[in-house]
Amino acid sequence: MTSIMKKEIFEEPGVVKHLLDSYVTDEDKISIDLPEKIDNIVIVASGSSYNCAAIAAPLFIEYVQIPCEYEYSSEFILQKKHFITPDSLYIFVSQSGETSDTLKALNIIKEQGVKTMCITNSKDSTMWKLCDYKILSDAGEEKSIASTKALTAQIFCSILVMLKLVSQNGVDISGYLNTMRRLPAYLERIKIDAQKIEQAARLTSDFQNISILGNKNYYPIAKEGALKMKETCYLNVMAYPFGEFMHGHVAVLNQKSIVIAIIDEENAEFAVRNLKKIKDEYNPKIICITSVQDVKSGDINIYIKTKRKLKAIFGSLLTLQLMACEMANLLDKNPDSPKGLHKVVKD
């Protein structure tokens with residue numbers, strides 16, 4: 001029987017299409033309300049929503065050329081001082097809109113008169129009512145504990161905010177929006193081509209020592225993949241930036257290990273060189289999730305065909321989600337209801 005988690009992963013192309021129809025006009029305008037002036041962005045979130053923040057923040061810096069930080073809600077509420085400018089925008093991300101530590105962080109910032117925005121899947125939530133600006137990620141009800149389609153919707157909405165700011169800087173965003181319009185069909189192709197993903201899940205499920213590597217935007221995707229495998233399979237999966245992994249962490253490969261590497265055009269040469277060194281010195285099993293067709297460094301190579309980073313982000317994420325779901329089934333775990341985890345966290 002197909003799990004709820006897998007069904008919800010399979011709904012992701014439709015969720016993206018719905019968000020495109022909701023927020024992007026035929027004239028390439030993005031119908032999201034934003035403050036007229038923003039000189040600093042801080043994104044605050046927990047769990048998978050934090051990984052959304054970590055994926056989005058470098059995009060704001062790269063494309064909008066605006067300072068953007070991201071913080072765990074639980075850490076944010078312990079800080080005595082926060083960096084605030086006259087035109088700061090604090091973005092709070094939560095699927096339920098009821099995550100307790102994220103709400104506490106929101107209230108701290110509201111008391112200081114800072115502009116606030118939320119990205120949430122719940123229009124009637126406390127967070128929705130409290131924020132000045134708001135975006136409904138509108139993924140529909142997500143029943144599986146491990147967030148999949150709701151996270152994809154959050155990331156997509158974050159990219160729409162980023163592109164709206166790019167357009168406000170006078171840049172033509174029609175090319176970026178055309179890439180986003182092709183995203184649903186792209187995700188459908190990855191979803192249908194499940195044989196390599198199932199093969200990778202079967203191999204990975206034989207290991208207790210699993211490391212997922214990625215650079216820049218793909219490091220938080222590696223973290224999200226590790227979180228999904230932890231949540232659904234109860235395995236201690238770790239994520240690292242490629243280069244940092246080589247500084248000491250690589251010693252974990254002295255145990256029986258498998259490495260999952262996320263590789264794109266920007267890090268291909270660097271990643272292939274490090275994977276060769278890893279293979280020569282430790283000989284772990286290696287799986288490559290790559291948008292570069294010539295990369296053949298893994299025992300299994302999953303090719304997510306695209307040269308566009310804004311698509312490869314989603315392609316690598318969906319691949320890891322499907323791997324985690326398949327691994328849970330192979331290990332006889334219920335991916336829809338992991339022990340000790342609950343969907344909404346509210347005090």
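**Salt bridges and cysteines**

Reply: Start with one residue. Asp21 is exposed, with a relative accessible area of 52%. Buried means under 20% relative accessible area, exposed over 50%, partly exposed in between (1.4 Å probe, protein chains only). This is a predicted model, in which local features need pLDDT of at least 70, side-chain atom pairs count only at pLDDT 80 or more, and totals for chains, interfaces and linings use all residues. Residues are numbered from 1 along each chain as its sequence is written, and side-chain values use heavy atoms, with hydrogens and water left out.

Me: With which residue does Asp21 form a salt bridge?

Reply: General idea: side chains of opposite charge can pair when their charged atoms come close. The cut-off is a side-chain nitrogen of Lys or Arg within 4 Å of a carboxyl oxygen of Asp or Glu. Here the partner of Asp21 is Lys17, with the closest N and O atoms 2.9 Å apart. Lys17 is partly exposed, at 43% relative accessibility.

Me: Where do Asp21 and Lys17 lie?

Reply: Both sit in helix H2 (residues 12-23), four residues apart, about one turn of the helix. Helices (H or I, at least four residues) and strands (E, at least two) are DSSP runs, numbered from the N terminus.

Me: How many salt bridges are there by this rule?

Reply: The count is 14. Take Lys216 and Glu266, whose side chains meet at 3.2 Å, N to O. Lys216 lies in the loop between strand S6 (210-213) and helix H11 (218-233), and Glu266 in the loop between strand S8 (258-263) and helix H13 (268-282), so the pair ties together parts that are 50 residues apart in sequence. Lys216 is exposed at 54%, while Glu266 is partly exposed at 49%.

Me: Which residues are linked with Lys216 and Glu266 in a network of salt bridges?

Reply: Glu62 and Lys309.

Another pair is Asp299 and Lys279, at 3.3 Å, N to O. Asp299 is in the loop between strand S9 (285-290) and strand S10 (300-303), and Lys279 is in helix H13, 20 residues apart.

Me: How many disulfides are there by the rule?

Reply: A disulfide is a covalent bond between the sulfur atoms of two cysteines. The rule asks for a pair of cysteine sulfur atoms within 2.5 Å. The count here is zero.
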